[in-house]
Amino acid sequence: MARFRPASFEDRLTLVEHLDELRTRILVSISAFAAAFTFCFWQNGRLLDIANAPLPAGRTPITFGVAEPFTTTVTITLYAAIVISLPVVLYQAYAYMLPALTDRERRVIVPFLIMVPVLFVAGAVFGYFVVLPAATKFLLNFNDNQFNIQIRARDYYSFFTLTLGVMGLIFQLPIGILAVTRLGIVTPEQLSENRRYAYVILLIVAALLPGTDPVTMLIEAVPLLLLYEGSIILARMFGRPPEPAADHDITVSEPPPSGAA
């Protein structure tokens, strides 16, 4: 019988029940993706309008191949469907792993599962409204009197999705810092004392991100530095490794001397 309700830690499932649950979770995830893909393809014109919005006014991507309008539309639809169906897929993965987690482990993992999509969406929104408009404006106007600048659809949409995806991953920085502090690999104090080296690394990361121009690099570096400082505050509040249980001394009473009355 298909199982939709997450099993608890106390449940004892047979191998067949585990396989049946895995099949159900996979089918639900595929169904969610198929529904999202169908909806996005139905609304592909609106999706393309959203993707083209960061471009300067009057600029529209062009295509060269006969099949390029169709393949480009399908690619954008695919990426949008993945993003829309991702919460369902993550929940199905969590529900399948739930029987292996104790209540204490569940309380630790659930906040992380909530933070991951929230931070990813925050990074994608920042990339869409801040990074992309500045990057396209700078890059498309650089030496524009020397070039006949055209925007190829395939290249622009690759740049569009890569920028949003990378910014979503970059915003996962607090998750990584909380993880390493909870594991005891580093302490919040060490992160604070070595922030100069962290700044250098973050600036190098910003230089390697999509955009390749100084304006985009600066815009991408600012949230990285703010996220790092915010992560230190979170690590001080929630990132301490759990204290080991104190060993209680057990006092064993000595038997009375054999000659005692």
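This report describes the fold, pockets, salt bridges and selected contacts of a predicted model.

## Basis of the description

Because the model is predicted, local features need pLDDT of at least 70 and side-chain atom pairs count only at pLDDT 80 or more, whereas totals for chains, interfaces and linings use all residues. Residues are numbered from 1 along each chain as its sequence is written, and side-chain values use heavy atoms, with hydrogens and water left out.

## Overall fold

The protein chain has nine helices and zero strands, where helices (H or I, at least four residues) and strands (E, at least two) are DSSP runs numbered from the N terminus. Read from the N terminus on, its elements run α-α-α-α-α-α-α-α-α.

Of the 261 residues in the protein chain, 32% are buried; buried means under 20% relative accessible area, exposed means over 50%, and partly exposed lies in between, with a 1.4 Å probe and protein chains only. Among contacts between residues at least 6 apart in sequence, 81% join residues at least 24 apart, a contact being heavy atoms within 4.5 Å.

## The largest pocket

The largest pocket holds about 840 Å³ of space. On a 1 Å grid over the protein atoms alone, a pocket is an open set of points where a 1.4 Å probe fits, with protein on both sides within 12 Å along at least five of seven lines, and lining residues have an atom within 4 Å of a point. Grid points are joined across faces, edges and corners, and a volume is the space filled by probe spheres set on the points.

The largest pocket is lined by 27 residues, of which Y79, A80, V83, A124 and L164 are the closest to its centre. At least two lining residues come from each of helix 1, helix 2 (44-52), helix 3 (68-97), helix 4 (103-141) and helix 5 (153-170). By class, the lining of the largest pocket divides into 23 nonpolar, three polar and one charged residue, where Ala, Val, Leu, Ile, Met, Phe, Trp, Tyr, Cys and Pro count as nonpolar, Asp, Glu, Lys and Arg as charged, and the others, Gly among them, as polar.

## The second largest pocket

About 190 Å³ of space lies in the second largest pocket, whose lining includes L55, T136, L139, L140, I149, Q150, I151, R152, D155, Y156 and F159. Helix 4 and helix 5 each contribute at least two residues to the lining of this second largest pocket, and its residues divide into seven nonpolar, two polar and two charged.

## Salt bridges

Side chains of opposite charge can pair when their charged atoms come close. With a salt bridge taken as a side-chain nitrogen of Lys or Arg within 4 Å of a carboxyl oxygen of Asp or Glu, the count comes to three salt bridges. One of them joins D20 and R23, with the closest N and O atoms 2.8 Å apart. D20 lies in helix 1 (residues 15-42), and because D20 and R23 are three residues apart in that helix, about one helical turn separates them. D20 counts as buried at 16% relative accessibility, whereas R23, at 44%, counts as partly exposed.

E68 forms a salt bridge with R152, with the closest N and O atoms 3.2 Å apart. This pair links distant parts of the chain, since E68 is in helix 3 and R152 in the loop between helix 4 and helix 5, 84 residues apart. E68 is buried, with a relative accessible area of 6%, while R152 is partly exposed at 26%. R152 is also among the residues that line the second largest pocket.

The side chains of E229 and R195 also meet in a salt bridge (2.8 Å, N to O). E229 lies in helix 9 (residues 214-238) and R195 in helix 8 (residues 195-208), so the pair ties together parts that are 34 residues apart in sequence. E229 counts as partly exposed at 22% relative accessibility, and R195 is partly exposed at 25%.

## Contacts between helices

L47 lies in helix 2, and the C-alpha atoms of L47 and I76, 29 residues apart along the chain, are separated by 7.7 Å. Leaving aside neighbours within four places in sequence, L47 is in contact with C40, I76, T77 and A80; A80 is also one of the residues closest to the centre of the largest pocket.

V215 has its place in helix 9 and is partly exposed, with a relative accessible area of 33%. The C-alpha atoms of V215 and F138, 77 residues apart along the chain, are separated by 7.5 Å. Apart from neighbours within four places in sequence, V215 is in contact with A134 and F138.
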